[in-house]
Amino acid sequence: IFTIHFAHFLQNMRNMKLFLILSFSALMSLEAFGNSHESDKQALLKFKSQVSEEKKVLLSSWNNSFPLCRWTGVTCSHKHKRVTGLDLGGFQLGGVISSFIGNLSFLTSLDFNSNSFAGTIPQELRNLFRLQHLNMSFNFLGGGIPASLFNCSRLLDLSLYSNHLGQGLPSEVGSLRNLVTLDLGKNNLNGKIPVSLGNLTSLRLLSFDENNMEGEIPDAIARLTQMVVFAIHINQFSGVFPPAIYNLSSLQSLDMFGNGFSGNLRPDFGNLLPNLEELSLGNNSLTGAIPSTLANISTLQFLAIERNSLTGSIPSFSKLQYLQLLDLNHNSLGSFSAGDLEFLVSLTNCTQLQSLDVAFNRLGGDFPISIVNLSMNLNDLSLHKNSISGSIPHDIGNLIGLQTFWFSENLLKGPIPTSFGKLLGLVELSVHANRMSGEIPYSLGNITRLEKLLLSNNSFEGIIPPSLGKCSHLLYLHIHNNKLNGIIPQEIMQISTLISLKMSNNSLTGSLPEDVGRLQNLGNLSVAHNKLSGKLPKTLGNCLSMERLDLQGNTFDGTIPDISGLVGIKAADFSSNNLSGRIPEYLANFNLLEYLNLSFNNFEGNVPTKGKFKNATIVSIFGNKNLCGGVLELQLKPCFTQPPRSSRKKLVIWVSIGISLLLLFFGILILELFSGKRPTDEMFGGDFTIRSCIRSALPDQVLDVADESILHSGLRIGFPAAECLTKVLEVGLGCSEESPANRLEMSEVVKELISIKERQKMNVVLAI
């Protein structure tokens, strides 16, 4: 009987329990359904009210006359019609995120990425206990990451990438034990990685890149054995390379670029992390050798350990058939010896290789011919700043995918192979500062996409190929410090994109082409120390982007053309030419000017005293004998000030002209008297004049041009006729200069003739 009664009791209890459960579920369903148009709708309308006005049109469906579950970006559950998803990613909405978002208690997915929300992350998100996916990346959110956010214990994905979040990462993050993705990159986070992060054993992606975090990587990271991506680049982490990393054998991407890690990499690195596809350890302070076991990671595609202090040899990577990038620049790899480049031979097996950079190391030996057998996919090849010798292989044109070829500052000899002309996609070609020779190939003109051609500091000879004019995208043409000759091709002046044109220290002849004014983007023009001549082109003033102008060491003549429009110029050098005329006053108003050299020319007149000419440290005018005035520091003679009365001014001018003409006639008379020739004689014509005839004979052939009647007019034996005639004829030449400004002054003529007379008296006394 007891058993029967007890069984009935249990059955009644079960029925009661079932009734209570069903009743509770019904109540919950009624509550959920009842709130669907009130709580959720009101929360979303409150959210909309804080969106910037100009973007609210994107949420025009959010109104009381439209079904909630059909609002833009809203997803509802099928059963209760409660809001479970809100996806507004990429809408570019502005404003702030309303705290009422925390009332969407059924929300499992919230995506606000790629908007312009400012303000802070609402504390009320702690109420979203069903939330699994939260993405607020690419906004302008500030403040810190609220610790209350970590109440959302069901979170699987948390992405706050690219905001303005600061402060440290709260230790409460360790409560998100289901988290698979944690992306906090590109913020302003500081402090250390909390040890509690080791609790997140389901993590597959962890990113703190581009923050201000510091300290060592905690050993607790070793517990995150499911990790596939670990990115902490560009922070201030320090200490030896974290031992915990070696426990993460599932890693496929490890990015620790731009921190302060030191120490050596373990020799068995490649065996411990066998699944890596990307390894980036650049810009740290790592030392020691590159582990040869890296070559065992058959999945490796990107290997970058640039800008460290690695030593030893570069291992063979012949097994890395998927390798696309190898970047080891700025280390101390190699020993300046013949075996340093053997690794290049092994890379011929890496058929997917796209970029190879081993610049700024200690690599030596001859450039291997096998380089031409590298991947046809190779885009970038950089070996500059080493000590590589030999020559560039003739078949370098086989690498048809090349876009950049940097081999400057090595010990290369020989010519530029003509096969470079096959590399139609080449954008940058640099071999400057080697020992190369030969002519610049015409075939380079075929590379119409070329933007940088850097051939300076070699021994190239011959002419500048006019075919370079076909390189219509060229920005930098640097061929200075070579042995080039011939004229500057007119075709070069057709390359309107040029920013920098450097041709100094060659043996170029002719003039600076008149079309230079077409180069309106040109910021740097250097033709210094050549054999250029003629007048500077008037169009030079059209090069409105000019910042540096180097024309020194040629024989340019005439005046400086109107360059008053070049207001952005910082340095200009006109020195050691034959330029004349007055110094342009407008140069004083070039506000950015830091250096102006006008020395060793024939400039005349007043030196400006305003603007930049107040500072004698940036202006040089030595070797212009007819300049006057200027600031005291220039130590020039004062300029002669004319009386104010116009009549006296005119008189002085006419007197000056008369004296100048008198000196001219006197000079010609001396030349006629002592040579027995006249300017009108038939033997003279064109550039061959009585002055040029006598100038070319002085001093060694002076007796050949002297009048024989003077030489046989009873001169005593031993009389220094050649010396006396030379001095007298030099006076005649000085008086008959074409430019009045260059003629001897009357006082100088008198002084020189008296000196000649006294010298001959002394010779007579000594002879006696």
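**Exercise 1.** With which residue does Lys385 form a salt bridge, and how far apart are the closest N and O atoms?

*Solution.* The model is predicted: local features need pLDDT of at least 70, side-chain atom pairs count only at pLDDT 80 or more, and totals for chains, interfaces and linings use all residues. Residues are numbered from 1 along each chain as its sequence is written, and side-chain values use heavy atoms, with hydrogens and water left out.

Step 1. A salt bridge is a side-chain nitrogen of Lys or Arg within 4 Å of a carboxyl oxygen of Asp or Glu.

Step 2. The partner of Lys385 is Glu409, with the closest N and O atoms 3.0 Å apart.

Step 3. Lys385 sits in the loop between β22 (380-382) and β23 (404-406), and Glu409 in the loop between β23 and β24 (428-430), so the pair ties together parts that are 24 residues apart in sequence. Strands (E, at least two residues) and helices (H or I, at least four) are DSSP runs, numbered from the N terminus.

**Exercise 2.** Give the strand order of the open sheet of four strands, and name its edges.

*Solution.* Step 1. Two strands pair if DSSP finds at least two bridges between them.

Step 1. The order is β25-β27-β29-β31, with parallel pairing.

Step 2. β25 (437-439) and β31 (507-509) are the edge strands; each has a single partner strand, so one side of each is left without a neighbour in the sheet.

Step 3. β25 pairs with β27 (residues 459-462) over three bridges, in the parallel sense. Ser437 has Ser459 of β27 as its bridge partner.

**Exercise 3.** Describe the phi of Gln92 and of Arg307, and locate both residues.

*Solution.* Step 1. Most residues other than glycine have a negative phi.

Step 1. Gln92 is not a glycine, yet its phi is positive, about 60°. Gln92 lies in the loop between β2 (83-87) and β3 (94-96), and at 40% relative accessibility it counts as partly exposed.

Step 2. Arg307 also has a positive phi, near 55°. Arg307 is in the loop between β18 (302-304) and β19 (309-310), and is partly exposed at 43%.

Methods. Buried means under 20% relative accessible area, exposed over 50%, partly exposed in between (1.4 Å probe, protein chains only).
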